[in-house]
Amino acid sequence: MRRLFGAPKAALAAAERTSGDHPPTIEDGSDNAMRRQLVQVLLRDLLRKHGIAPHWIELQMLVVSRSSRGTGLFVRLIIRHWDARLMNYAVALQNALLADVARFEPRASEWLHGISWQFEMTDSCPYTTLPDKAFWVESVRPETPVIGVSPPALSSNPSAFTPIALAVPRSEESEALEDLQRLFQVRDELLGKHFDGIAVGYEKTQPSAL
């Protein structure tokens, strides 16, 4: 990273004589100064790549010290202009910036402690007050369009209604029984006719229960 930004040798030597790689302030020629410059360049390139106006976001780098991680830097992105598209893709922008920093500086996880957002967009944001409680507690469910035939218009004359027989699916057993009854009926009709003037007086056969 020092070779990338061409820090002077005297400044590098002075930085090496300080207490570790993380001085408590961002001084010219220090590691933190070069890291700030790296993040600034990557953010500017990211905004230009995706067509986001550079004046919409301002970058600030803060020196922080934590007992668990020691001294490092914290990135603060200040939103200067309201745009709903930027709000929708703020997380994606943050992830892309972190990925670019990690690609150029493999040790970024050691000194980059996090990213925060701050909104300073004056009067450009139209949402200045919180909505009612119902806005947050009511779940928004998209309406599913019902595709079908519209019901026929009802007539005021009761006699105009024609009952519609609903087709009830029949079982195989009931269909076989009906076919057998029809066969017996046809046979009984044939046997009941007169043959050469003589009536054949057989009684109608009753189908046996299946």
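Two strands count as paired if DSSP finds at least two bridges between them. In this predicted model, strand β1 (residues 57-66) and β2 pass that test, with 10 bridges in the antiparallel sense. Within this pair, Gln60 stands opposite Arg76 in β2. The protein has 8 helices and 5 strands.

**Overall make-up**
- From the N terminus, the elements run α-α-α-β-β-α-α-α-β-α-α-β-β.
- The protein has 210 residues, and 22% of them are buried.
- Take the contacts with a separation of 6 or more: 56% of them join residues 24 or more positions apart.

- β2 covers residues 70-79. Buried here means under 20% relative accessible area. By that cut-off, 7 of the 10 residues of β2 are buried, so the strand is largely enclosed by the rest of the structure.
- On one side of the pairing list is β1, which forms a hairpin with β2. The two strands have 3 residues between them.
- β2 also pairs with strand β3 (residues 112-119). This pairing runs in the parallel sense, over 7 bridges.
- Arg76 takes part in both pairings. In β3, Ser116 is the bridge partner of Arg76.
- In a regular strand, side chains alternate between the two faces of the sheet.

**The largest pocket**
- The largest pocket holds about 260 Å³ of space.
- Its lining includes Leu46, His50, Gly51, Ile52 and Trp56. Asp83, Arg85, Leu86 and Tyr89 also line the largest pocket. Ala92, Leu93 and Ala96 complete the list.
- By residue class, the lining divides into 8 nonpolar, 2 polar and 2 charged.
- Two helices, α4 (84-88) and α5 (90-104), each supply at least two lining residues.
- α5 gives the largest share of the lining, with 3 residues. Ala92, Leu93 and Ala96 are lining residues that fall within the 90-104 range of α5.
- Arg85 and Leu86 are lining residues too, and they fall within the 84-88 range of α4.

Note on methods. Residues numbered from 1 in each chain as written. Predicted model: local features only at pLDDT ≥ 70, side-chain atom pairs only at ≥ 80, totals over all residues. Heavy atoms only, no water. 1 Å grid on protein atoms, 1.4 Å probe; cavity = no way out; pocket = protein on both sides within 12 Å on 5 of 7 lines; lining within 4 Å. Points joined across faces, edges and corners; volume = space filled by probe spheres on them. Helix = DSSP H or I, 4+ residues; strand = E, 2+ residues; numbered from the N terminus. Nonpolar A, V, L, I, M, F, W, Y, C, P; charged D, E, K, R; others polar. Buried < 20%, exposed > 50% of the residue type's maximum accessible area, 1.4 Å probe, protein only. Contact = heavy atoms within 4.5 Å.
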